[in-house]
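Dear colleague,

Please find below the structure that I am handing over to you.

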Protein chains: 2
Amino acid sequence: MRADARRNRERVLEAAETVFAEQGATASTEEVARRAGVGIGTVFRHFPTKEALYEAIVVRRLSRVAEQAQPLTASADPAGALRDLFARLIDEAATKKAFADTMAVVSLDVKAAAPAVGDQLRDTIATLLDAARTAGTVRADVGLAEVMVLLAGLCLAAEHTPDPTLRESALSVVFAGLTPPS
Amino acid sequence: MRADARRNRERVLEAAETVFAEQGATASTEEVARRAGVGIGTVFRHFPTKEALYEAIVVRRLSRVAEQAQPLTASADPAGALRDLFARLIDEAATKKAFADTMAVVSLDVKAAAPAVGDQLRDTIATLLDAARTAGTVRADVGLAEVMVLLAGLCLAAEHTPDPTLRESALSVVFAGLTPPS
DNA sequence: AACGATACGGACTGATCACTCCGCTTGTCA
DNA sequence: TGACAAGCGGAGTGATCAGTCCGTATCGTT
């Protein structure tokens with residue numbers, strides 16, 4: 001692969017990330033090309049389809065998030081770690097358009113396109129949840145599926161909730177519901 | 001207004017409701033016209049804009065929902081009534097595409113297009129919430145805003161959650177979080 | 001330096017869609 | 001029943017956008 005090609009590919013990914021974050025998945029490919037300082041042809045040479053480009057940045061974002069999340073599994077307070085992770089994901093969803101949709105797809109449409117990356121995050125959450133249940137800091141009768149639905153819901157709602165305090169409050173209520181009755 | 005005009009207007013609304021429920025807001029106006037057994041011109045004569053048509057069916061759905069919800073304010077168990085209402089809205093969101101978005105807009109983008117209709121539902125929820133807090137069946141420190149965020153989140157997540165049991169479980173967790181600690 | 005392969009830019013194509021316009025039909029009322 | 005306004009259908013218009021194609025520029029290699 002030629003040097004300029006590699007450089008342009010990276011530029012396109014970077015531009016796509018910000019454009020999709022700002023305008024959502026409906027942003028035009030031309031806008032991405034413009035932002036990258038590149039012709040449309042170049043975009044399509046590197047990513048044969050708009051969907052492929054979109055998927056590429058989804059994978060990118062997800063693997064970054066999953067990578068940051070992984071160390072949490074070593075935490076002594078798994079429920080707390082889970083909550084921190086959720087807070088981080090919720091903030092990302094509030095800030096970057098279409099990230100909430102990504103989270104919804106990863107959380108809920110399990111057989112989704114890019115499987116491995118979503119699994120990684122899901123696995124981390126599963127580990128934390130198990131540990132928290134064992135520790136007695138999360139109710140034993142809630143499963144991963146429920147938690148994923150709640151996470152997706154919080155992320156999707158966050159997209160329309162500019163006030164961070166309010167997002168935090170909603171998260172608090174959910175975690176109160178996850179805590180075992182005393 | 002001529003008899004056939006009134007009849008066609010109703011047909012268009014009916015068709016739009018099912019088409020938007022099936023395909024979401026991106027469904028084409030032509031599809032609505034076809035489903036209504038009417039020319040496109042007719043659709044645009046009654047609703048000058050696709051957006052106007054969409055807004056009309058949003059208002060329609062919302063006022064139906066708000067109307068059904070209103071009697072609940074008389075309930076002796078306001079927390080239970082609130083939960084029933086949420087369950088109903090969540091089911092609707094799971095079944096009818098774009099209803100979840102409507103709920104999100106009504107819940108979160110307060111200054112939205114069709115104000116009065118959203119207010120009606122919001123008022124009912126506020127009344128139930130107040131009563132429940134007074135009765136001590138909902139924590140005193142959660143406000144309407146938080147509840148609306150949670151409702152929107154549950155509805156948005158429901159759109160991707162075909163399993164009704166799972167939706168119900170998620171709702172349970174949220175309501176557990178709303179219940180005062182014993 | 002010179003040459004072939006690789007990559008680039010952006011005009012172009014075809015499809016889709018919201019919306020318009022006008023010749024024709026149908027309801028209404030005298 | 002006749003006449004005319006109100007309403008209808010759907011071909012047409014312009015805009016947008018994903019994706020193609022090819023003449024040109026750039027890179028790497030000998």
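Which element gives the most to the surface near DNA strand D? In this predicted model, that element is α3(B), which contributes five residues.

Sorted by class, the surface near DNA strand D consists of nine polar, seven nonpolar and six charged residues.

Several polar contacts may be of interest to you. Two of them involve phosphate oxygens of DNA strand D: a backbone N or O atom of K50(A) lies 2.5 Å from one, and a polar side-chain atom of R45(B) lies 2.6 Å from one. A base oxygen of DNA strand D is 3.1 Å from a polar side-chain atom of R2(A). Two or more residues each are given to this surface by α1 (3–23) of chain A and by α1 (3–23) and α3 (40–46) of chain B.

As regards the two protein chains, chain A is superposed on chain B by a rotation of 180° with 0.0 Å of shift along the axis, at an RMSD of 0.0 Å. This is the relation of a two-fold axis. The same surface serves both copies, since 100% of the contact residues of chain A recur in chain B.

Finally, T29(B) belongs to helix α2 (residues 29–36) of chain B. T29(B) counts as buried because its relative accessibility is 13%, under the 20% cut-off. Beyond its neighbours within four places in sequence, T29(B) is in contact with V43(B), F44(B) and K50(B).

With kind regards

Definitions and conventions
Residues are numbered from 1 along each chain as its sequence is written. Chains are lettered from A and ligands numbered from 1 in the order in which they are written. This is a predicted model: local features need pLDDT of at least 70, side-chain atom pairs count only at pLDDT 80 or more; totals for chains, interfaces and linings use all residues. Side-chain values use heavy atoms; hydrogens and water are left out. Helices (H or I, at least four residues) and strands (E, at least two) are DSSP runs, numbered from the N terminus. Buried means under 20% relative accessible area, exposed over 50%, partly exposed in between (1.4 Å probe, protein chains only). Contact means heavy atoms within 4.5 Å. Copies are superposed by least squares on the C-alpha atoms of residues with pLDDT of at least 70 in both. A polar contact is a pair of N or O atoms within 3.5 Å; within protein, one must be able to donate a hydrogen and the other to accept it, and residues adjacent in sequence count only if both atoms are side-chain atoms. Ala, Val, Leu, Ile, Met, Phe, Trp, Tyr, Cys and Pro count as nonpolar, Asp, Glu, Lys and Arg as charged, and the others, Gly among them, as polar.
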